[in-house]
Amino acid sequence: MRLKELRKIRGMSQAQLAHEIGVSPSAIGMYEQGRREPDHETLGKLCAVFHVSSDFLLGSGGESQQHDLDEIIESVREAILQPEGLMFNGVLLDPADSEKIVDAIRLGIGIVLGQKNMKQNGGRS
């Protein structure tokens, strides 16, 4: 499950996410550790919060496509972290900011793929 990754990219604590979907923070922790699975309704709420399909959130399906995307994202990360790096207004970004950009790209791809999968499934995740 990609819950922890999505939550961290959004800058949410377990408590914030739990409050937003109406479960306990310990439930979020258990979902992230794989010690418990969310029920259908909770899964739907999680997908709505992160704007992704349940397939994407659960990490199922599309392993080959995901592998290809991971390779592309890694290539982007390596390019950004080169000594000439990524600049903003002529100032070289530090590695931590560059990692945040890579995380944002990964989340954006996940959102797009989740929305694409939802459209292909007729709105069902």
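Predicted model: local features only at pLDDT ≥ 70, side-chain atom pairs only at ≥ 80, totals over all residues.

Reply: Two residues are in contact here when they have heavy atoms within 4.5 Å of each other. The chain has 125 residues, of which 27% are buried. You get seven helices and two strands, in the order α-α-α-α-α-α-β-β-α from the N terminus.

Now zoom in on helix 3, residues 25-33, where A27, I28, G29, Y31 and E32 are buried. What do these buried residues pack against? Their partners are helix 1 (3-9), helix 2 (14-21) and helix 4 (40-50). Just past the end of helix 3, G34 has a positive phi of about 75°.

Two of those partners also meet each other. The axes of helix 2 and helix 4 come within 10 Å and cross at roughly 115°, so this pair counts as roughly perpendicular. The crossing is right-handed. Helix 2 brings L17, E20 and I21 to the contact, while helix 4 brings T42, K45, L46, V49 and F50. By type, that makes five nonpolar residues, one polar and two charged. As for the spacing along a helix, an α-helix has 3.6 residues a turn, so residues three or four places apart point the same way.

Methods:
Residues numbered from 1 in each chain as written. Heavy atoms only, no water. Helix = DSSP H or I, 4+ residues; strand = E, 2+ residues; numbered from the N terminus. Buried < 20%, exposed > 50% of the residue type's maximum accessible area, 1.4 Å probe, protein only. Axes fitted to C-alpha atoms, helices over the stretch in contact; angles between N-to-C directions. Parallel < 35°, antiparallel > 145°, perpendicular 65-115°, else oblique. Left-handed = near helix turned anticlockwise from the far one by under 90°. Nonpolar A, V, L, I, M, F, W, Y, C, P; charged D, E, K, R; others polar.
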